[in-house]
Amino acid sequence: MSQPPGEPEQPPSPYEPPTYGQPHEPPAYGQPHEPPAYGQPYGHPEQPPWGQQPPYAPQPPYGQYGPPGPGPRPGGGPNVLAILSLVFAFVFAPVGIVLGHLAKRQIRQTGEEGNQLATWGLVLSYVFTALGLLFCCGWIGLSIWANSDNGGYR
């Protein structure tokens, strides 16, 4: 399908297959897939054939432990006092305040995770402590007002 010189190239017809490389070679995507011969495994040759398990690792002798697992992560995970600060914010808020400040100091010194937990523990502990104090002061004021003499009228 060569064009004579000087004539513009025309795009191939949509009914004709494109001619890339060898003109009589069928495209690679159209070749049928043939499964491997009977008894040959699918996949990579280093994989065991179907129905066979890979060998197990040798077991340690009775009474001994296996190899140690991975060590602690760098940073050591979240600070325990930060978690307790958040928990005690809902249980007994003044203890949450103390634990939150202790957790912040430990996190600065050791570089552990949990700074946001300690901050939320502190914020919630201060809010719940303030609400508790406001409630107690209001209750005391209400009880004093209710027991007042009202100017001596009975």
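Predicted model: local features only at pLDDT ≥ 70, side-chain atom pairs only at ≥ 80, totals over all residues.

**Helix packing and what lies inside**

Modeller: α1 and α2 pack at an angle of about 165 degrees, with their axes 7 Å apart. Axes here are lines fitted to C-alpha atoms, for helices over the stretch in contact, and angles run from 0 to 180 degrees between N-to-C directions. That makes α1 roughly antiparallel to α2 (under 35 degrees counts as roughly parallel, over 145 as roughly antiparallel, 65 to 115 as roughly perpendicular and the rest as oblique).

Biologist: And what kinds of residues make up the contact of α1 with α2?

Modeller: They divide into twelve nonpolar, four polar and no charged. Ala, Val, Leu, Ile, Met, Phe, Trp, Tyr, Cys and Pro count as nonpolar, Asp, Glu, Lys and Arg as charged, and the others, Gly among them, as polar. On the α1 side they include Leu81, Leu84 and Phe88, and on the α2 side they include Val95, Leu99 and Ile107. Contact means heavy atoms within 4.5 Å.

Biologist: OK, zoom out. How many helices and strands are in the protein chain?

Modeller: Three helices and zero strands, so you read α-α-α along the sequence. Helices (H or I, at least four residues) and strands (E, at least two) are DSSP runs, numbered from the N terminus.

Biologist: How much of the chain is buried?

Modeller: Of its 154 residues, 12% count as buried. Buried means under 20% relative accessible area, exposed over 50%, partly exposed in between (1.4 Å probe, protein chains only).

Biologist: Which residues are buried in α2?

Modeller: Ala93, Gly96, Ile97, Leu99, Gly100, Ala103 and Ile107. The cover over the buried residues of α2 includes α1 (80-91) and α3 (115-146).

Biologist: Why would residues three or four places apart point the same way?

Modeller: Because an α-helix has 3.6 residues a turn.

Biologist: How do α2 and α3 pack?

Modeller: At an angle of about 155 degrees, with axes 8 Å apart, and they are therefore roughly antiparallel to each other. The residues of their contact divide into nine nonpolar, seven polar and one charged.

Biologist: What's buried in α3?

Modeller: Ala118, Gly121, Leu122, Ser125 and Thr129 are, and what covers them includes α1 and α2.

Biologist: And Gly132, where does that sit?

Modeller: Gly132 lies in helix α3. At 29% relative accessibility, Gly132 counts as partly exposed. The C-alpha atoms of Gly132 and Ala93 are separated by 9.0 Å, though the two are 39 residues apart along the chain.

Biologist: Last one: what comes just after α2?

Modeller: Gly111, which takes a positive phi of about 80 degrees.

Methods
Residues numbered from 1 in each chain as written. Heavy atoms only, no water.
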